[in-house]
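Subject: Structure handover

Hi,

Here is the structure I promised to pass on. Please open it and keep it beside this email as you read.

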Amino acid sequence: MLIPAEYRLINGSWLDVVPACLYRARANNHARQLARADWLIRNRSSGSYIATMQASRVRFLNRSPAPQQWLDAVGELLAAADGSIIYLPLSDLAPLHAELDLDADAYSQQSGLSAVPEPVQLEYAGRDCFRRPLWLVYDAAKAWARMRTAAEADGVRIQAISGYRSPYYQMGIFRRKIIRGMTVGDILAVNAAPGFSEHHSGRAIDIGTPGEPAAQECFENTPAFSWLNRNAARFGFRMSYPRGNAHGISYEPWHWLWIGSNQS
Ligand SMILES: [Zn+2]
């Protein structure tokens, strides 16, 4: 069951549910309903707000009667909240790859990247540097909080630029670039295909420091980066794409993956 005090994001195949208090209404006529709600249910693909929940009562945000497929999806979502399902099936990615005309197996072989299973449940880990809610899997969220505190104690400020991102978010990047005239091949040279980003795992964080541009190579010259190099491993974090990495992915000094640790 969903307990309001727990700040969690629950993923279903179509929909997700997030604490209503963390998100702003996008339409004036929804503000009151959202303010009274415990939970907000969104369409994962478009990001649009579908319904709210107060106690266990679901109210759709649009007046028109909810189609049966939405009602079924809400039922599926609530069932997923009991923790019995850990990851969403990778088969959910097929429609996205079909839209891009992408052969996922061939892509995986060429890139050396594997499809990344998406967790059903994510934990609120504060806000990122853009004031958006930051979502991570539970253990990564705890490790991130401990690491920030330790950095702060050493006089170093680290902040999250981005944490968990869904394959639909990644798909949005592709759709926008295609509209601007890029080919899927061009985009794949810079962005992982939807379903293949470490950010889908809820274990990856792009880390920055105040006053520096987000996700730029110059991050490597900051005290924050030297601190991470010396200390991140103690908290279970590892840089995924160092210079000259085996994946041939460009150097990303800001991108760190929580791989767990028995040292801390
Ligand atoms: Zn990243």
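First, a definition. Donors are N, O and S atoms within 2.8 Å of the metal (3.2 Å for Na, K and Ca); water is not among the atoms, so sites may look incomplete.

A word on the source. This is a predicted model, where local features need pLDDT of at least 70, side-chain atom pairs count only at pLDDT 80 or more, and totals for chains, interfaces and linings use all residues. Residues are numbered from 1 along each chain as its sequence is written, and side-chain values use heavy atoms, with hydrogens and water left out.

**The zinc site**

Which protein residues hold donors of the zinc ion? They are His199 (NE2), Asp206 (OD) and His255 (ND1). These donors lie 2.0 to 2.1 Å from the zinc ion. Their spacing in sequence is H-x6-D-x48-H.

Next, burial. Buried means under 20% relative accessible area, exposed over 50%, and partly exposed in between (1.4 Å probe, protein chains only). His199 is buried, at 2% relative accessible area. Asp206 is buried as well, at 7%.

**Salt bridges**

Side chains of opposite charge can pair when their charged atoms come close. A salt bridge here is a side-chain nitrogen of Lys or Arg within 4 Å of a carboxyl oxygen of Asp or Glu. How many does the whole structure hold? The search finds seven salt bridges.

Start with the zinc donor Asp206. Asp206 also forms a salt bridge with Arg165, with the closest N and O atoms 3.5 Å apart. Asp206 sits in strand E9 (residues 204-208), and Arg165 in the loop between strand E8 (159-162) and helix H6 (167-179), so the pair ties together parts that are 41 residues apart in sequence. Helices (H or I, at least four residues) and strands (E, at least two) are DSSP runs, numbered from the N terminus. Arg165 is buried, with a relative accessible area of 17%.

Now look at Glu118 and Arg44. Their side chains meet in a salt bridge (2.4 Å, N to O). Glu118 lies in the loop between helix H4 (104-111) and strand E6 (121-127), and Arg44 in the loop between strand E3 (39-43) and strand E4 (49-54), so this pair ties together parts that are 74 residues apart in sequence. Buried or exposed? Both Glu118 and Arg44 are buried.

Glu217 pairs with Arg243, the closest N and O atoms being 3.5 Å apart. Glu217 is in the loop between E9 and helix H8 (223-231), while Arg243 is in the loop between strand E10 (237-239) and strand E11 (255-258), 26 residues apart. Glu217 is partly exposed, at 40% relative accessible area. Arg243 is partly exposed too, at 49%. Salt bridges that share partners join Glu217, Glu220 and Arg243 into one network.

**Cavities and the pocket**

On a 1 Å grid over the protein atoms alone, a cavity is a set of points where a 1.4 Å probe fits but cannot get out; a pocket is an open set with protein on both sides within 12 Å along at least five of seven lines; lining residues have an atom within 4 Å of a point. Grid points are joined across faces, edges and corners, and a volume is the space filled by probe spheres set on the points.

The structure has three cavities of 30 Å³ or more. The largest cavity holds about 90 Å³. Its lining includes Arg44 and Glu118, the two partners of the 2.4 Å salt bridge. The second largest cavity has a volume of about 50 Å³. E4 gives the most to its lining, with three residues.

The largest pocket has about 950 Å³ of space. It is lined by 31 residues, and Tyr23, Arg26, Arg42, Arg132 and Tyr169 lie nearest its centre. H6 supplies the largest share of the lining, five residues.

**Helix H4**

One last stop. A polar contact is a pair of N or O atoms within 3.5 Å; within protein, one must be able to donate a hydrogen and the other to accept it, and residues adjacent in sequence count only if both atoms are side-chain atoms. Ser111 lies in H4. A polar atom of its side chain is 2.8 Å from the backbone oxygen of Tyr107. At the start of H4, a side-chain oxygen of Asp103 reaches to within 3.1 Å of the backbone nitrogen of Asp105. Just after H4, Gly112 takes a positive phi of about 75 degrees.

Best wishes
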